[in-house]
Amino acid sequence: MAKLEELSTEPEAQASREAEAEYTLEYPVKCPCCSAELDMVKVVRLLRTRVNFTSTLPRRGRVIACPECQKIIAAELAGFA
Ligand SMILES: [Zn+2]
């Protein structure tokens with residue numbers, strides 16, 4: 001796809017693509033946002049910066065994003081370390 005070449009020439013786009021982790025999918029799936037066929041996804045940690053002290057929300061979480069369009073896609077990882 002020509003779209004990939006365009007993105008790689010932009011330094012800002014490259015920086016925004018850095019993620020803490022990448023996970024390989026057991027078989028390819030299509031991104032619901034950009035329809036790219038994915039064989040891996042990016043995982044970005046959520047760090048809590050502000051919370052109501054009565055909140056029962058977990059301290060940490062993660063966002064799973066499409067490596068092509070950077071949009072958040074539905075997925076789940078097992079286990080909170
Ligand atoms: Zn996508």
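Start with R60, which sits in strand β3. Keep in mind that this is a predicted model. R60 counts as partly exposed because its relative accessibility is 41%.

Next, select the zinc ion. Which atoms coordinate it? Show the side chains of C31, C34, C66 and C69: each supplies its SG, at 2.3 to 2.4 Å. The site is tetrahedral, with angles of 105 to 113° among the 4 donor atoms. For comparison, the ideal angle for four tetrahedral donors is 109.5 degrees.

Look at the spacing of the donors in sequence: C-x2-C-x31-C-x2-C. Within that pattern, pick the pair C34 and C66, which links distant parts of the chain, 32 residues apart. C34 is in the loop between β1 (21-30) and β2 (37-47). C66 is in the segment after β3 (60-65).

Stay on this pair. Is each one buried or exposed? C34 has 29% relative accessibility, so it counts as partly exposed. C66 is at 0%, so it counts as buried.

Last stop: the largest nonpolar core. Select C31, A36, L38, V41, V43, I64, C66, C69 and I73, 9 residues in all. Which strand gives the most to this core? Color β2: it contributes 3 residues. In soluble globular proteins, nonpolar side chains tend to be buried together. Finally, keep the zinc ion on screen with the core. C31, C66 and C69 are among its donor residues, and these cysteines also belong to the core.

How values were computed. Residues numbered from 1 in each chain as written. Predicted model: local features only at pLDDT ≥ 70, side-chain atom pairs only at ≥ 80, totals over all residues. Heavy atoms only, no water. Donors = N, O, S within 2.8 Å, 3.2 Å for Na, K, Ca; no water. Tetrahedral: all angles 85-135°; square planar, octahedral: opposite > 155°, others 65-115°. Helix = DSSP H or I, 4+ residues; strand = E, 2+ residues; numbered from the N terminus. Buried < 20%, exposed > 50% of the residue type's maximum accessible area, 1.4 Å probe, protein only. Core = buried A, V, L, I, M, F, W, Y, C linked by side-chain atoms within 4.5 Å.
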